[in-house]
Amino acid sequence: MAVAAPADHVHPAWLPAQAWRAIGSRHTLVSGTEKSVATVYAEVRAACDRFGGSVTRLSVDGEADLMLALTGAAGPGATAGAVDDLGEEGYTLGRTGGLTTVTADAPAGLLYGLFHVVRLGESAFGDDMATRTHRPAIRRRMLDHWDNVDVHPVMGQVERGYSGGSIFWRDGAITDDLDRVRAYARLLAASGVNAVTINNVNVGRTEARLLTDRLDDVATFADIFRPYGIRLHLSVTFAAPMVLGGLATADPLDEAVRDWWAATTAQVYARVPDFGGYVVKADSEGQPGPFAYGRSHADGANLLADALAPYGGVVHWRAFVYNHRQDWRDRTTDRARAAYDHFAPLDGQFRDNAIVQVKYGPVDFQPREPVSPVIGAMPATRLAVELQVTQEYTGHQLHVCYLPPLWSEVLGFRFDGDSLEADGDVSGDLGSSVAAIAGRGGTLAAVSNVGDDPFWCGHPLAQANLYAFGRLGWDPTADPTALLDEWIDLTFPAGDAAGTVADPGRLRQALHAMMDGSWRTYERYTAPLGVGFMVNPGNHYGPSVDGYEYSRWGTYHFADRDGVGVDRTRATGTGYTGQYPKPWSEVYESLTDCPDELLLFFHHVPYDHLLHSGSTVIQHIYDTHFAGVDEAIAMRERWLDIADAGLDPALYARVADRLDEQVRSAREWRDQINTYFFRRSGIPDAHGRRIH
């Protein structure tokens, strides 16, 4: 097979040609049957054609520098370093006697081993390395695309998309740029992603037809992703039997409905034999679901799970369910409680191939939320943890906001209260950590941030979030700083050839200074102390302190002249703290013990309440918003300092332009938030800085 290369105007992201130099300039043996190693062989062949090396399949004359072998395959040393039961994706990697060896039981494992060698670059061919076994900690690392086949009148071609249009669909039809989709498949495989959902969870009438009379489109994409070990999934509407099948009901206990799903699913697998399964948003934000028939979420999920079970498919049933028609005057209703109240009582009622997909926080991908208690409350149910790579609430990919430090905190959170040691060992017991729960459930999912923008993610630096998501899915204990190094080394290779950087150390230093703490910078100049949702309604960009304060969506801060925050305690509030096990139920209940960064999520406090940091709440608001702007300005200055570093001019200009917008927006956030709380509290800034 031919290796897909993006068109000249599309950035190669973390797979530029120079990333393959170490492999492409050497001799490689690829051992296995022609079909089983086709993708690996094609990748190495393309690298050798560019850099003057050579590749041999099945047999080799003389010595090789690199051997990529399926266990049991013909050829010298084909089982060297192999261990029992590597599985579909595991591989071994080692070096001895001048030969670097990768072995795997299955083609996907060999491909992951190849990309590991790409990450190592020249170091893969240096000193001897003891043979180590590598397996993913989480079976399914899935990206959910919120792409619409038809252009939505409000949300456009991609809902919550900040990177242009869809790479899959264009104005109701399949894209005519399938080479770009192939290039995307390569990027995902190189980062560790092995599953994608190609349409929006808010399923429109056209999108619903992908399940039936537009299956050829689905099969086209499946054929492109398959060589890279990636399975395709579809978002489906729960009302499909009515919308597509002409039935009068979608009742999950109705026999005709069950028969319709079984027959339709059989047709899907007849066309796409390795189809992954369904993703469902039901009884949420207006989407149809089992509640209309007096049935539970377990009834709805099990209906689809039963249809998928004969083929090994799974249904991901999203737990994002809440009352979006709340009365803001009613303080007993709490959106944060909703997912737990709906799903925790159903623990143990879901089929084994029904996976409940839970957002990492209880509200909606805010810059700071506590970990959702649902994740720790359903031990008898398979759970998927859902992250958001697209920056809906973290700057729309106009702002630098490196998210892996946030994700790492979430994945390392333990419901038993112990800290997770990030020692890189994912083979041991991760205890009650979120990563362990996702591992047992089988899925780490995330909403994609990709579009048809030349830089894939709109902001070139936002590529790091997409890359690191896949790598954290493979190894949840990976260090976010080390992952950023990986991305920098791959994306900006050192050297004096075209597409390389002459002074990589200087670039690395600048990017770390800009990106390592950028999530906390964004938090500083936006919503303070875990209160969240102070954004413009609709597009969710920019400050609007009261934008949702009197809204039916149920996202409030309850700021008044006396204080700010939401009382979610058992003693005097909504009782949300009681959804956590000990010790967290006690920590969050306690005004004394609650962490500062989550204080206003759990408590309503006076403005002069003293934080653990020694600052008052109001002074913390002032200080962090001024500091956040200063940090945004410093990011921009660091980028200006490397204007002569030899970066691609288009990439440099795009980042510079977006840093200008980030500084402008950060100032707007600072001035609106500080002014709002100064006027509410009447308490001046202790440092006498200008507040409007």
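This is a predicted model: local features need pLDDT of at least 70, side-chain atom pairs count only at pLDDT 80 or more; totals for chains, interfaces and linings use all residues.

Guide: What follows goes from the cavities to the core and then to one residue.

Residues are numbered from 1 along each chain as its sequence is written, and side-chain values use heavy atoms, leaving out hydrogens and water.

Searching the whole structure turns up 8 cavities of 30 Å³ or more. A cavity here is a set of points, on a 1 Å grid over the protein atoms alone, where a 1.4 Å probe fits but cannot get out, and lining residues have an atom within 4 Å of a point. Grid points are joined across faces, edges and corners, and volume is the space filled by probe spheres set on the points.

The largest cavity holds about 120 Å³. Its lining has 14 residues, with Val 363, Val 531, Phe 533, Arg 568 and Phe 601 closest to the centre. By class, that lining comprises 6 nonpolar, 5 polar and 3 charged residues (nonpolar: Ala, Val, Leu, Ile, Met, Phe, Trp, Tyr, Cys and Pro; charged: Asp, Glu, Lys and Arg; polar: the others, Gly among them).

The second largest cavity, at about 110 Å³, is lined by 13 residues, and Val 363 is among those nearest its centre, together with Ala 319, Phe 320, Ala 339 and Pro 362. Helix 10 (338-343) and strand 16 (354-359) each give this lining at least two residues; helices (H or I, at least four residues) and strands (E, at least two) are DSSP runs, numbered from the N terminus.

Now to the largest nonpolar core: among its 209 residues, Phe 225, Trp 261, Tyr 278 and Trp 639 touch the most other members. Helix 20 (residues 649-681) supplies the largest share, 11 residues. Such a core joins buried Ala, Val, Leu, Ile, Met, Phe, Trp, Tyr and Cys residues through side-chain atoms within 4.5 Å, and buried means under 20% relative accessible area with a 1.4 Å probe, protein chains only. Beyond four places in sequence, Phe 225 is in contact (heavy atoms within 4.5 Å) with residues including Phe 168, Tyr 184, Val 196 and Ile 230.

Ile 230 also touches Asn 194, which sits in the loop between helix 4 (178-191) and strand 12 (195-197). Asn 194 is buried, at 9% relative accessible area, and a polar atom of the Asn 194 side chain lies 2.9 Å from the backbone oxygen of Arg 139.

How values were computed: Buried means under 20% relative accessible area, exposed over 50%, partly exposed in between (1.4 Å probe, protein chains only). A polar contact is a pair of N or O atoms within 3.5 Å; within protein, one must be able to donate a hydrogen and the other to accept it, and residues adjacent in sequence count only if both atoms are side-chain atoms. On a 1 Å grid over the protein atoms alone, a cavity is a set of points where a 1.4 Å probe fits but cannot get out, and a pocket is an open set with protein on both sides within 12 Å along at least five of seven lines; lining residues have an atom within 4 Å of a point.
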